[in-house]
Amino acid sequence: MKLFNKHIFLGLFSLSIMTSCQKLTEVNVNPNEATTTHPQALLTKVEWDAFRTWHGTSPLYTLKMIVQTDGENANQIYNWQRGSFEQYGNLRNITKMTEEAERIGAESYLALAKFFRAYYFYNLTLTFGDVPYSEAAKGENSAIFAPKYDTQKDVLVGVLKELEEASIILKKNNNTINGDIIYGGNNGNWNKLVNSFRLKVLLTLSKKTTDLPFNAATEFSKIFTNESRITDVSGAEDGQLVFLNQEGNRYPEFNSSGYGSGMYMDSTFIQRLQDLKDPRLFAVATQTRLGKEAGKAINDFTAYEGGDPIVPYAQVNAKAVLGKLSKVHERFYQDPTAEPLVLLGCSEMQFILAEAILKGWITGDLNATYTKGVQASFKFYEKYAKNLGTYTNEAQAAKYLEQNSVSLDGASSNEQKLERILMQKYLRSFHQGGYSAYFDHLRTGYPSFRKSANVKTAYRWMYPQDEYNNNTANVSDAIKSQFGGNDNINLQTWWLK
């Protein structure tokens with residue numbers, strides 16, 4: 001798998017576009033300014049942006065994985081307000097890649113453009129509700145600068161349609177996709193990722209099976225039966241961005257000042273890993289200072305402790321000063337290649353399938369599917385958590401799965417099995433998947449997240465202020481049609497009702 005140096009890439013991109021000249025036909029056309037380029041010159045940047053977009057610490061506060069000791073974090077207490085439409089800026093590059101792919105008949109690039117559009121719009125609509133979709137990113141070619149808002153239902157139906165179209169294209173194309181830093185140009189692996197993402201979107205719609213132009217369970221089963229998907233426990237088929245120790249290509253949290261100061265582990269996350277005797281703890285957190293000074297072994301679960309996410313941050317800070325808090329593991333900010341960012345991989349895929357089996361959407365071996373999901377997560381840390389692989393190797397995974405508190409055989413009901421599936425899906429998501437585990441929580445109730453008694457559930461983010469300023473009529477109509485005019489984070493959108 002190849003990555004790029006951004007400085008080199010930008011230079012090559014400039015050279016590629018400067019080679020294109022047109023005959024001067026209008027006095028306002030600059031013959032030295034390119035109007036076309038090959039889509040491969042855009043693909044690398046599109047991939048780099050997409051795989052990093054929802055990475056960061058904000059989801060970790062929401063998912064009760066880290067706490068802050070030097071101030072109040074709105075995500076930690078579910079009191080965020082406005083979200084961002086920044087991703088629409090990334091969609092401009094995808095729109096241009098689509099145009100260039102259509103111009104030269106490069107179908108594989110068109111398929112990837114459809115996938116990345118679907119990926120962005122899926123996340124945007126779950127974040128806000130109704131969003132601009134059918135008229136989005138059409139300012140340059142259609143002069144639409146105030147796009148209408150499409151209903152969340154129409155957006156998600158459109159997302160699935162674009163993913164299906166992408167899969168059809170990829171199945172019939174075997175040519176190498178140049179400029180691809182994810183799969184090295186392999187159409188087959190891209191098709192597996194696209195189909196896996198289709199299954200993820202369909203499961204997201206599990207509460208709306210009677211309010212769709214198709215049967216979600218039937219569509220899920222059809223894709224599961226007839227299409228390729230991610231299955232390799234080793235991670236070879238995972239849709240992931242691997243980092244290099246080069247300027248511009250390093251892990252996003254490398255040299256993070258925040259991790260070196262006021263961020264510590266949340267007691268919620270630590271306690272769950274301790275209760276399950278989960279050795280992945282040793283790959284994501286450090287021992288407390290007191291634990292280290294006592295000479296406790298790395299795999300001594302008592303050497304780890306987190307901060308309570310619902311008490312005043314000053315109290316958590318006092319605990320940190322006493323050396324009683326674990327920090328995020330040093331590898332995340334000291335290792336320039338810490339681990340890949342996984343958009344969707346085998347572990348998550350297996351838990352999606354396990355839930356579908358439990359729901360009766362597909363037939364399969366529930367225990368084997370669930371087991372494979374856990375094994376894939378352990379394998380990821382064995383491979384990428386350097387010098388810590390002995391704690392998450394195949395033998396450790398087998399030992400972990402034998403526990404009555406982890407095994408599905410130890411669950412007394414289907415509801416408890418669902419809870420265990422979603423817990424394992426959550427535990428694998430530290431710094432992976434953005435807010436996906438939170439959306440699962442909103443949809444299923446699992447896993448539960450600790451919050452103060454007076455704190456309401458936050459179901460969405462408010463629309464950006466820029467929309468109020470520049471797209472007033474359309475955003476106002478969207479707020480009125482969904483919420484009666486109240487742009488509030490505590491109101492549910494269509495997919496959850």
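Predicted model: local features only at pLDDT ≥ 70, side-chain atom pairs only at ≥ 80, totals over all residues.
**Backbone exceptions**

Most residues other than glycine have a negative phi, and most peptide bonds are trans.

The peptide bond from Y446 to P447 is cis. Its omega is near -10°. P447 sits in the loop between α19 (436-444) and α20 (465-470).

N387 is not a glycine, yet its phi is positive, near 70°. The residue belongs to the loop that links α16 (366-384) and α17 (394-401). H431 also has a positive phi without being a glycine, at about 60°. Its loop runs between α18 (414-427) and α19.

Is each of these residues buried or exposed? N387 is exposed, because its relative accessible area of 79% is over the 50% cut-off. H431 is buried, because its 4% falls under 20%.

**A buried glutamate**

E227 lies in the loop between α9 (216-226) and β2 (239-241). With a relative accessible area of 18%, E227 counts as buried, because the limit is under 20%.

Which side chain does the side chain of E227 meet in a polar contact? The partner is K171, at 3.3 Å. Leaving aside residues up to four places away in sequence, E227 touches S167, K171, N195, R198 and K222.

**Accessibility of the loop residues**

| Residue | Relative accessible area | State |
|---|---|---|
| N387 | 79% | exposed |
| E227 | 18% | buried |
| H431 | 4% | buried |

Note on methods:
Residues numbered from 1 in each chain as written. Heavy atoms only, no water. Helix = DSSP H or I, 4+ residues; strand = E, 2+ residues; numbered from the N terminus. Buried < 20%, exposed > 50% of the residue type's maximum accessible area, 1.4 Å probe, protein only. Polar contact = N/O pair within 3.5 Å; in protein donor to acceptor, adjacent residues only side chain to side chain. Contact = heavy atoms within 4.5 Å.
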